[in-house]
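Dear colleague,

I am handing over the structure below, together with some notes on what was found in it. Please read the notes with the sequence and the model open beside them.

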Amino acid sequence: MTELSEHARRNRAHWTELATQYAERAERVWSSEPKWGCWGKPERELGLLGDVAGKDVLDLGCGTGYWSARLARLGARPVGLDVTPAQLETARRMQREFELEFPLIEASAEDVPLPDASFDLVLSEYGASLWCDPYLWVPEAARLLRPGGELVFLVNGIISMLCVPDAPEPAGPELLRPYFGLRRVEWSFEDTVEFYLGHGDWIRLLRANGFEVLDLVELQAPKGAPDPPGLDVPTEWARRWPAEEIWKARKQS
Amino acid sequence: MSSSELPDYVLKNRENWTRSNAEYTDASARRAWAQEEITWGMFRAPESELQLLGDVGGKDVVELGCGTAYFSAWLARRGARPVGVDVTPAQLKTARRMQREFGPEFPLVEASAEDVPLPDASFDLVHSEYGASIWCDPERWLGEAARLLRPRGELIFLRTSTLLILCAPETGQAGTELVREYAALARIDWTDDEGTEFHPPHGDLIRLLHGNGFELEDLIELRAPATAETHPYYDHVTADWARRWPSEEIWKAHKR
């Protein structure tokens, strides 16, 4: 494995700090049915993944491995990959607690130590999709998928990223930063690097890597839902505009 | 389809375009027809840079909501065989006058893009710039576009960007605040009698394209160039705004 990128090292340090907090909620998210995003939209309503039974699935930026666990219970053969050892430690503890084993690999999604064409589904929820450079991780996803394999990932809605202030304060209706030039975002109050692409850029990047774009699901927060903890987009905002979006693409045969 | 069968919003939009033709498009048609270069949108992004159309020589092209048909004229001069479709007689009248003045001549059909009196699978390219792409019901006109295209035929259309519509107040220029909810974009009935527009947001549009048998190829979110100035007639957005956020977007897809 080549050396980690500068942003991967900074993000790993950030996630090492957050790991204790995420360990506390790991049991709850491991127990739940498959659902998407901060407001927990059930996969059974969206039907984005189809029948995963018997499928080789790679979870890029798996964190505590909850998505992999949910898919394993549905008969998939998941592999969880994450760059932060502390998160994988929680994942291993949960595996013992739930008696549900699947491979966990410590690596960046920008450089995955797994063979070409070995997966049917690559998934990422606030993992590689947010913390890795898309111009590095999307080609890796394309390499790892078999022909006809699917890529499904969740990111922050692009409009919400225009409205989130550079301070730990909630988003409002005001556009605070330009759309053009958005790609790598760093915050003044936190030592992390996040990546956001406009929709046109996502479509071109996916197509350039041999994907057909199948869907873009722009999520709306449910009525009356409480504000998600620690999130900079309040439910009221996410009722009016998409705070989260899920892309679905298929590797062309 | 006779006028009496057109939906209310199409009749209303035709009324508005009759007025716009008298106010602006009739007078501006000469400039557009005289232009050699193909450009896209209010800030005239050159096709030579975007390269969305490829070689149109010998291609059958239908322009849905052609207005004064300047885009069809540009394509005809490059060897395409265009047909212009528009629902507003005043716009087509201007188009015919321009054909006589500048050439070349090509068929112009008075019809709504929601119900086009042309045969199935008779075109290689369907184009729309601020035509059917915003003034017609996407469920209907995209179905018509799919029907009119030959297999592998291309669909290219320009429309207002989703972000600009979210920032567009009922009257006046777009500001830097989201003033409209996402769920309200599908159909907008302007309260100042400016007609009805359809702006399905990106996810919905991707599903509409798929549902009508298209494979998505590209989405170009246009940025106004540094030297661009606010359009003298279409001044709902300033050039400065359009340098920071996309005010227009071009979708490209092909029929599977």
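Two strands are taken to pair if DSSP finds at least two bridges between them, and that definition is needed for what comes first. Please keep in mind throughout that this is a predicted model.

**The sheet in chain B**

In chain B, 7 strands make up an open sheet of mixed pairing, and their order across the sheet is β5-β4-β3-β6-β7-β11-β10. The edges are formed by β5 (108–110) and β10 (214–222) of chain B, each of which pairs on one side only, while the twist from one strand to the next averages 15°. Within this sheet, strand β3 (residues 60–64) of chain B runs parallel to strand β6 (residues 123–129) of chain B, and 3 bridges join the two. For B:V62, the bridge partner in β6(B) is B:V126.

**Where the two chains meet**

The contact between the chains involves 30 residues of chain A and 32 residues of chain B. Together chain A and chain B bury about 2,600 Å², of which 57% is on carbon and sulfur atoms. Between chain A and chain B there are also 5 salt bridges; in a salt bridge of B:D218 with A:R204, the side chains meet at 2.8 Å, N to O.

**Cysteines**

A search of the whole structure, over all chains, finds 0 disulfides. For A:C163, the closest cysteine sulfur is that of B:C167, and because the two sulfurs are 7.9 Å apart, they are too far from each other for a bond; the cut-off for a disulfide is a separation within 2.5 Å. A:C163 is buried, at a relative accessible area of 1%, and B:C167 is likewise buried, with a relative accessible area of 1%.

**Salt bridges within the chains**

Over all chains, the structure holds 36 salt bridges. In chain A, A:R184 forms a salt bridge with A:E6, with 3.2 Å between the closest N and O atoms. This pair links distant parts of the chain, since A:R184 is in strand β8 (residues 184–187) of chain A and A:E6 is in helix α1 of chain A, 178 residues apart. A:R184 counts as partly exposed at 37% relative accessibility, and A:E6 is partly exposed too, at 35%. Both belong to a network of salt bridges that links A:E6, A:R10, A:R184, A:E186 and A:D191.

A:E140 counts as buried, at 10% relative accessibility, whereas A:R143 is partly exposed, at 24%.

In chain B, the side chains of B:D26 and B:R97 meet in a salt bridge at 2.9 Å, N to O. Because B:D26 lies in helix α1 (residues 8–34) of chain B and B:R97 in helix α4 (residues 89–102) of chain B, the pair ties together parts that are 71 residues apart in sequence.

**One residue of helix α1 in chain A**

A:T16 lies in helix α1 (residues 6–31) of chain A and is partly exposed, with a relative accessible area of 40%. Apart from its neighbours within four places in sequence, A:T16 is in contact with A:T84 and A:A86.

Technical notes. Residues are numbered from 1 along each chain as its sequence is written. Chains are lettered from A and ligands numbered from 1 in the order in which they are written. This is a predicted model: local features need pLDDT of at least 70, side-chain atom pairs count only at pLDDT 80 or more; totals for chains, interfaces and linings use all residues. Side-chain values use heavy atoms; hydrogens and water are left out. Helices (H or I, at least four residues) and strands (E, at least two) are DSSP runs, numbered from the N terminus. Axes are lines fitted to C-alpha atoms, for helices over the stretch in contact, and angles run from 0 to 180 degrees between N-to-C directions. Buried means under 20% relative accessible area, exposed over 50%, partly exposed in between (1.4 Å probe, protein chains only). Contact means heavy atoms within 4.5 Å. Buried area is the accessible area (1.4 Å probe) that two parts lose on being put together, summed over both. A salt bridge is a side-chain nitrogen of Lys or Arg within 4 Å of a carboxyl oxygen of Asp or Glu.
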